[in-house]
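Hello,

Here is the structure I said I would pass on. Please open it and keep it beside this message while you read the notes below.

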Amino acid sequence: MNTPLRVPRASLQRLRTSVQLNAHLLALRNADLTYVRYASGKSIGDRRERDQPKKKKKARTVFKQYDLKNAEQFSLCDAMRYIQAFEVGRPPNSPKYDLAVRLRTIKNGPTVRNRLRLPHAVNTSLRICVICPPDSKHAEAAKKAGASVIGEETVFDAVKEGRIEFDRCICHQESAGKMNKAGLGRILGPRGLMPSAKFGTIVKDVGESVKGLVGGSEYRERNGVLRMAIGQLGFTPEEIQTNTKAFMSEVKKDIALLSDRINKEIHEVVLSSTNAPGFTLNGEFRSPDSPPTRDLSVP
């Protein structure tokens, strides 16, 4: 009697798998092959390429600027005429004319920042704080120049209590040590009011500094753009022109001071207002179709 052949179960399973695999390969050989593609568009054969991490787009190093060749541009009087149409019915001293200067410059580089007192003051209600001994000659000079808050300990206590009743703050050199010991930086710093020698707000002559602040405005480059209020709605075109020239002249000087560190160029100048859109200026005062300047003076 023949003894039955005993095959281990594991070997039998491998044999079945091998037979099934050979049958499957034979069927594929005789059939029309179709490639399986993933959502990424890569086939099975491109799996290695598909699994590679995607390359990141190269970040811009300069701010994007639009070509002004085909853009509509306006003279100053024409821009004021259109802006006043958006401001109909509003008081002449409430809306402000704003000038935006767009620069061709790289990102993360030195920025333009300065303060300017325009020939025709726009904001005359600026509240100025002067940190100096209250009974000194410096306090008297600051008061005559137009400072609204003057003192040392009284100012420190008011700031710590949260009573910040001023829009600008300057400090005399002799009081800088007391100011630092009072720890006002954590309160005034985030508000941009902390006096600093770097920004010229720790001074020797507080009287002259206050005179420069009264009616003056600060401008600072943000995202390649400088903005500044250059007039009220009731200003005449001649007054807006004078302020615009003063601002642009100062900006060019600031750019020249940075020329050894970074290259900056003026790309576009836009005039707008509180409630009106912006109009790109072409550098001319008025065009042949502009109305008389007396008609652009809001009473």
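Is Glu-265 buried, partly exposed or exposed? Glu-265 is partly exposed, with a relative accessible area of 36%. Before going further, please keep in mind that this is a predicted model.

Salt bridges

Glu-265 has a charged partner, Arg-104: the two form a salt bridge in which the closest N and O atoms are 2.8 Å apart. Glu-265 belongs to strand β9 (residues 265–273) and Arg-104 to strand β1 (residues 96–104), so this pair ties together parts that are 161 residues apart in sequence. Arg-104 has a relative accessibility of 37% and therefore counts as partly exposed, since that class runs between 20% and 50%.

The whole structure has eleven salt bridges. Another of them joins Arg-113 to Glu-218, with 3.1 Å between the closest N and O atoms. This pair also links distant parts of the chain, as Arg-113 is in strand β2 (residues 113–117) and Glu-218 is in strand β7 (residues 216–220), 105 residues apart. Arg-113 is partly exposed at 32% relative accessible area, and Glu-218 is partly exposed at 33%. Salt bridges with shared partners bring Arg-115 in as well, so that Arg-113, Arg-115 and Glu-218 make one network.

A further salt bridge is formed by Glu-87 and Arg-90, whose closest N and O atoms are 3.3 Å apart.

The largest pocket

Arg-113 and Glu-218 come up again here. They are among the residues nearest the centre of the largest pocket, together with Phe-199, Gly-200 and Thr-201. The space in this pocket is about 720 Å³, and its lining is made up of 28 residues.

Which helices and strands each supply at least two residues of that lining? They are the strands β2, β5 (168–172) and β7 and the helices α8 (206–213) and α9 (237–257). Strands β2 and β7 are the ones that hold Arg-113 and Glu-218. By residue type, the lining of the largest pocket has twelve nonpolar, seven polar and nine charged residues.

Aromatic pairs

There are four aromatic pairs in the structure. Phe-74 is buried, with a relative accessible area of 13%, while Tyr-82 is partly exposed, at 33%.

Phe-74 also pairs with Phe-279. Why is the pair of Phe-74 and Phe-279 edge-to-face? The planes of the two rings are at 90°, and their centres are 5.3 Å apart; planes over 60 degrees apart count as edge-to-face, so this pair does. Phe-74 is in the loop between α2 (47–50) and α3 (76–86), and Phe-279 is in strand β10 (residues 279–280), so the pair links parts of the chain 205 residues apart. Both Phe-74 and Phe-279 are buried. Through these ring pairs, Phe-74, Tyr-82 and Phe-279 form a cluster.

Leu-76 lies in helix α3 and is buried, with 6% relative accessibility.

Cysteines

How many disulfides does the structure have? The count is zero. Cys-132 shows the reason for one cysteine: the nearest cysteine sulfur, that of Cys-171, is 8.3 Å away, and a disulfide needs the two sulfur atoms within 2.5 Å. Cys-132 is buried, with a relative accessible area of 0%. Cys-77 is buried too, at 0% relative accessibility.

If you want a place to start, display Arg-113 and Glu-218, which form a salt bridge and are among the residues nearest the centre of the largest pocket. After that, go to Phe-74, which is in a cluster with Tyr-82 and Phe-279.

Best wishes

Conventions
Residues are numbered from 1 along each chain as its sequence is written. This is a predicted model: local features need pLDDT of at least 70, side-chain atom pairs count only at pLDDT 80 or more; totals for chains, interfaces and linings use all residues. Side-chain values use heavy atoms; hydrogens and water are left out. Buried means under 20% relative accessible area, exposed over 50%, partly exposed in between (1.4 Å probe, protein chains only). A salt bridge is a side-chain nitrogen of Lys or Arg within 4 Å of a carboxyl oxygen of Asp or Glu. Helices (H or I, at least four residues) and strands (E, at least two) are DSSP runs, numbered from the N terminus. On a 1 Å grid over the protein atoms alone, a cavity is a set of points where a 1.4 Å probe fits but cannot get out, and a pocket is an open set with protein on both sides within 12 Å along at least five of seven lines; lining residues have an atom within 4 Å of a point. Grid points are joined across faces, edges and corners, and a volume is the space filled by probe spheres set on the points. Ala, Val, Leu, Ile, Met, Phe, Trp, Tyr, Cys and Pro count as nonpolar, Asp, Glu, Lys and Arg as charged, and the others, Gly among them, as polar. Rings of Phe, Tyr and Trp (its six-membered ring) pair if their centres lie within 6.5 Å; planes under 30 degrees apart count as stacked, over 60 as edge-to-face and the rest as tilted.
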